Amino acid sequence: MYSKTANSLMRSAAWRISLWGALAFAVGTMLVFVMLHRFIANDIQRRSDAWLTGEVAVLGDVAGRTPKDRLYSRVVGEVAELASREVPYKLRSNSNENDFVFFLQVGNDGALKLWVGSGDGLPNLAAIRERKFISDVPYDLYVKGFNSPFRTASMQLDDGSHIYLGLSEQDELRVLKNLRFRFFCLWLLIVLFGSAIVFFVTKRMLGHVRKITEAASQIGQSDLSRRVPTSRRNDEIGHLAQTLNHMLDRIESSMHQLHTITGALAHDLRSPLTAIRGKLEIALSGDFKAEQSEPLVSAIDELDRLTEYLNVSLDVAEAKADALRLSLTEVDLDELIRVMIGLYEPSMSEKGIHVNLRSAGLVTVTADAALLHRVIANLLDNELNHLPASCTVSITLGVNEDAATLLVEDDGPGFASEIVHQIFEQRVKGRDSKGHGLGLAFVEAVVRAHGGSVTASNRPKGGALLLISWPRGSKANIEVPHSLTLVNR
Amino acid sequence: MRLLLVEDEPEISSFVKQSLVEAGYEVDTAENGSAATQLASKQAYHGLIVDLGLPDQDGIDLILQLRRSGINSPVLILSARRSVDDRVKGLEQGGDDYLTKPFALAELLARLRNLLRRNAATSEEAARLRVLDLELDFISRRASRGGEVLNLSPQEFVLLAYLCRHAGRVITRSMLLSEVWGMRFQPNTNIVDVHIYRLRGKVDTEGREPLIRTVRGIGYVLKDR
């Protein structure tokens with residue numbers, strides 16, 4: 001359950017938006033920090049460099065002017081010692097200063113002339129010697145035994161000896177490290193917090209979209225007079241809802257028009273048909289000989305066929321537009337099919353066709369009874385019209401949790417291969433079919449209007465196979481094309 | 001019996017009236033709702049035939065309005081629509097009936113007779129029914145002709161019983177479908193004819209006067225004289 005919600009969360013647009021937003025924000029702030037860090041590091045270095053060059057000049061001056069007697073090393077040493085106390089950015093006042101600053105004088109023979117600092121200065125000397133060139137600007141000197149490099153400034157004295165003043169970068173590095181650590185903590189906090197805010201805001205926004213989607217899908221399935229929820233805010237989502245509602249207005253009005261047109265068509269054609277049929281019947285009730293009444297009888301037959309064609313055409317058109325009016329009741333499919341088989345059996349056996357039924361017993365479905373009757377009748381009419389003698393029609397009624405399945409198969413010639421894939425299209429029929437090609441289109445339209453499905457195929461052993469799956473859901477679950485209470489005209 | 005026919009199409013109105021008069025009813029016609037209301041307030045009718053698509057008023061509203069003013073005569077509704085409005089279904093439960101256009105006149109007459117009889121509430125279901133030499137026993141559900149028991153299936157018995165109850169009147173195929181099998185649709189095949197053919201094979205055996213007669217283009221009739 002948890003992983004399921006987590007999964008759906010990961011797939012949500014809100015999650016993706018906040019992820020990408022957080023990423024962009026994190027990278028951006030990181031870039032800004034890198035620039036800031038460089039600026040600060042450069043500034044610190046510039047300051048320490050300025051101090052170093054200043055001090056080394058002073059020391060060079062002192063070393064140059066001090067007479068080279070036995071007091072020399074003491075005087076210069078004292079001055080160097082003093083200088084080391086004025087080190088900028090010093091954090092640890094209690095630390096050993098000699099660890100921090102060194103002063104070194106090397107004679108032109110390369111020997112150590114004077115050393116102020118911790119230890120004997122030999123590693124420092126070795127490091128200086130390793131450096132091939134001597135520059136006027138301070139540089140980083142890596143001394144063996146120390147973790148952080150020394151920023152070192154040098155100067156050549158008049159007597160050809162060199163003096164070196166080194167300042168440990170330990171504190172500078174610690175300051176920067178501190179800065180990085182604090183920034184990282186803050187950055188992490190901001191990114192997490194920011195992405196959480198973005199996530200919840202977009203989730204809320206997209207929640208509105210989801211509500212609209214849910215409402216819209218329900219409208220698509222049932223009630224066209226309903227509308228999606230609109231928010232008072234005049235943002236994109238508000239616009240979306242308004243646009244959808246506008247579209248629904250138009251769909252509803254065209255649906256209304258369809259009802260009006262089919263209603264008007266039905267009425268306009270039906271009234272003259274009724275009049276013609278009635279007059280023919282009255283004429284027929286007069287005293288005629290059989291030969292004289294024949295044209296009247298066939299005219300009535302033709303009229304009835306025309307009416308049926310008109311009815312089915314309108315039904316199929318309405319069902320295709322999801323505008324079929326259903327009045328749903330509970331129907332026992334098992335009983336209905338038994339009655340239907342009872343009705344068709346004599347005609348079938350007249351033609352030498354056998355019918356057998358296998359049923360799972362009571363199968364209640366929610367359906368428009370009149371339409372369901374016609375669906376079953378159409379299926380059996382089809383078998384009756386197209387099967388040659390001594391064939392068998394097998395009807396199997398099964399049931400599972402959410403659908404009733406009706407399987408109608410026969411061992412006849414099957415559907416013609418050129419039409420089997422479009423058998424549910426209107427006016428598609430076999431070459432030898434005398435029907436109007438609406439029977440299976442009607443079946444499919446009605447089944448679909450009830451939320452079911454129907455498939456047609458040819459059996460591998462030969463013969464046609466029709467499988468109808470009819471949902472068993474309660475009234476509320478079944479798709480009810482919207483009920484415009486259009487009064488019959 | 002006096003009937004009120006409310007129908008705006010003069011063509012339909014005229015031939016329905018003609019056949020009703022021929023069937024022995026007295027018929028007044030109204031072309032719209034207000035004329036019908038006026039007529040119904042002046043004169044008591046045994047039954048009403050109302051078309052749903054009236055120029056000035058919806059037929060259902062007219063019926064409800066008449067009901068409210070205390071007119072309780074049974075109503076036969078004529079509808080041009082093939083699927084019938086739920087409101088009409090509601091009325092049907094109240095004892096009224098409907099017919100979709102185009103209809104067979106025979107069916108109109110049969111349904112009207114049913115309605116009027118239902119309203120009179122006289123016809124107790126008889127235990128036995130006799131039509132000429134045909135005899136039906138509804139308790140043992142057996143039929144005999146001229147004293148000879150006919151070997152009918154239960155379905156055939158129901159079919160024959162329906163024909164006998166309406167002996168002498170034309171019964172259409174769709175009436176048989178709806179009354180005997182409880183299905184309201186127009187069959188595309190001759191399923192009903194085969195049932196009748198089989199029944200006839202058992203009732204009208206050789207050497208006997210045929211009782212079940214086919215009225216071509218309309219339906220069947222069981223002779224009663």
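Predicted model: local features only at pLDDT ≥ 70, side-chain atom pairs only at ≥ 80, totals over all residues.
I began with helix H4 (residues 122-130) of chain A, where Asn124(A), Leu125(A), Ala127(A) and Ile128(A) are buried (under 20% relative accessible area, with exposed over 50% and partly exposed in between; 1.4 Å probe, protein chains only). These residues sit on the same side of H4(A) because they cover an arc of only 160 degrees around the axis, taken from the directions from the helix axis to the C-beta atoms. Turning to the face away from the buried side, I found the exposed residues Arg129(A) and Glu130(A). The buried residues of H4(A) pack against strands E1 (101-106), E2 (112-116), E3 (139-141) and E5 (162-168) of chain A. Helices (H or I, at least four residues) and strands (E, at least two) are DSSP runs, numbered from the N terminus.

Residues are numbered from 1 along each chain as its sequence is written, and side-chain values use heavy atoms, leaving out hydrogens and water.

Next I looked up the interface. I see 48 residues of chain A in contact (heavy atoms within 4.5 Å) with 44 residues of chain B.

How many salt bridges are there between chain A and chain B? The count is one: Glu11(B) and Lys279(A) meet through their side chains at 3.0 Å, N to O. The rule asks for a side-chain nitrogen of Lys or Arg within 4 Å of a carboxyl oxygen of Asp or Glu.

Note on methods: Chains lettered and ligands numbered in written order.
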